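Keep the model open while reading.

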Amino acid sequence: MSRFQGFPAHVEKHVGRVRGADSRSAGGRERAYNLVYCDHYDDAHVTVLTSGLREHTAGAPLPQELLCTLRRDQEIYAKHLVGVVAELLTESRARVGYGALIMNDRVLLPDTAIAGALAAPHPYLGDEFDVLLDAGEPVLQLITLIPITRAESQLVARFGRDALYDRWEAAETDLVDIFREDVGTGRF
């Protein structure tokens with residue numbers, strides 16, 4: 001019996017219905033994980049998450065899976081962001097922790113200003129979502145990838161992630177919309 005057997009039920013409890021998954025060989029390339037698609041109960045959002053990355057996150061205090069939640073019509077962007085970061089981690093045999101910036105040298109999501117992600121607890125689901133327990137013991141950490149712009153990443157690098165969170169709060173930023181306003185520009 002796997003200590004991760006409660007993972008699907010955990011996702012469905014906190015996120016919503018698991019709609020399906022891409023195989024590990026989707027797109028003509030063998031991956032070390034599946035991409036799983038979940039429809040939120042509000043029917044307005046979707047979460048794309050990895051399943052199987054936990055086998056490849058060496059050095060992490062807990063095995064990890066990645067996810068990104070966006071508006072339903074932005075699912076392709078969530079898939080791209082999670083896939084790119086998961087590939088980076090598997091190829092480099094690395095892990096990521098809360099507060100980490102995963103940035104590209106140019107725009108990462110086409111037709112947006114998004115150049116990377118901030119690894120964080122999920123901004124809208126409760127704290128109980130971010131860690132899977134088995135028999136009361138933590139067995140899996142869920143890392144949410146919040147899409148960010150280059151200017152927002154520079155704000156974090158210079159002043160820390162709390163400065164970015166403060167700006168997001170002041171602007172009432174919808175973190176599940178990749179077309180949201182960039183708060184890293186200093187206008188806030």
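Predicted model: local features only at pLDDT ≥ 70, side-chain atom pairs only at ≥ 80, totals over all residues.

The structure holds two cavities of 30 Å³ or more. A search of the whole structure finds zero disulfides.

**Largest cavity**
- The largest cavity has about 50 Å³ of space.
- Its lining consists of Cys68, Thr69, His122, Pro123, Thr144, Leu145, Ile146, Pro147, Leu175 and Val176.
- β8 gives the most, with four residues.
- By type, the lining of the largest cavity has seven nonpolar residues, three polar and no charged.

**Second largest cavity**
- The second largest cavity has about 30 Å³ of space.
- Phe7, Val11, Leu49, Glu65, Leu66, Leu67, Phe129 and Leu142 form its lining.
- At least two lining residues come from each of α1 (7–14) and β4.
- β4 has the largest share here, three residues.
- The lining of the second largest cavity counts seven nonpolar residues, no polar and one charged.

- Cys38 is in no disulfide, and the nearest cysteine sulfur, that of Cys68, is 12 Å away.
- The sulfur of Cys68 has its closest cysteine sulfur in Cys38, at 12 Å, so the two are too far apart for a bond. The cut-off for a disulfide is within 2.5 Å.
- Cys38 is buried, at 0% relative accessibility.
- Cys68 is also buried, with a relative accessible area of 0%. Cys68 is one of the residues that line the largest cavity.

**Thr50**
- Thr50 sits in strand β3 (residues 45–51).
- Glu65 is among the residues lining the second largest cavity.
- Leaving out residues up to four places away in sequence, Thr50 touches Phe7, Tyr33, Asn34, Leu35, Glu65, Leu66, Val82 and Ala86.

**Positive phi outside glycine**
- Asp43 has a phi near 65 degrees, a positive value in a residue other than glycine.
- Asp43 is in the loop between β2 (34–40) and β3. With a relative accessible area of 52%, Asp43 is exposed.
- Arg93 is not a glycine, yet its phi is positive, about 55 degrees.
- The loop between α2 (75–92) and β5 (101–103) holds Arg93. Arg93 is exposed, at 68% relative accessibility.

Key:
Residues numbered from 1 in each chain as written. Heavy atoms only, no water. Buried < 20%, exposed > 50% of the residue type's maximum accessible area, 1.4 Å probe, protein only. Contact = heavy atoms within 4.5 Å. 1 Å grid on protein atoms, 1.4 Å probe; cavity = no way out; pocket = protein on both sides within 12 Å on 5 of 7 lines; lining within 4 Å. Points joined across faces, edges and corners; volume = space filled by probe spheres on them. Nonpolar A, V, L, I, M, F, W, Y, C, P; charged D, E, K, R; others polar.
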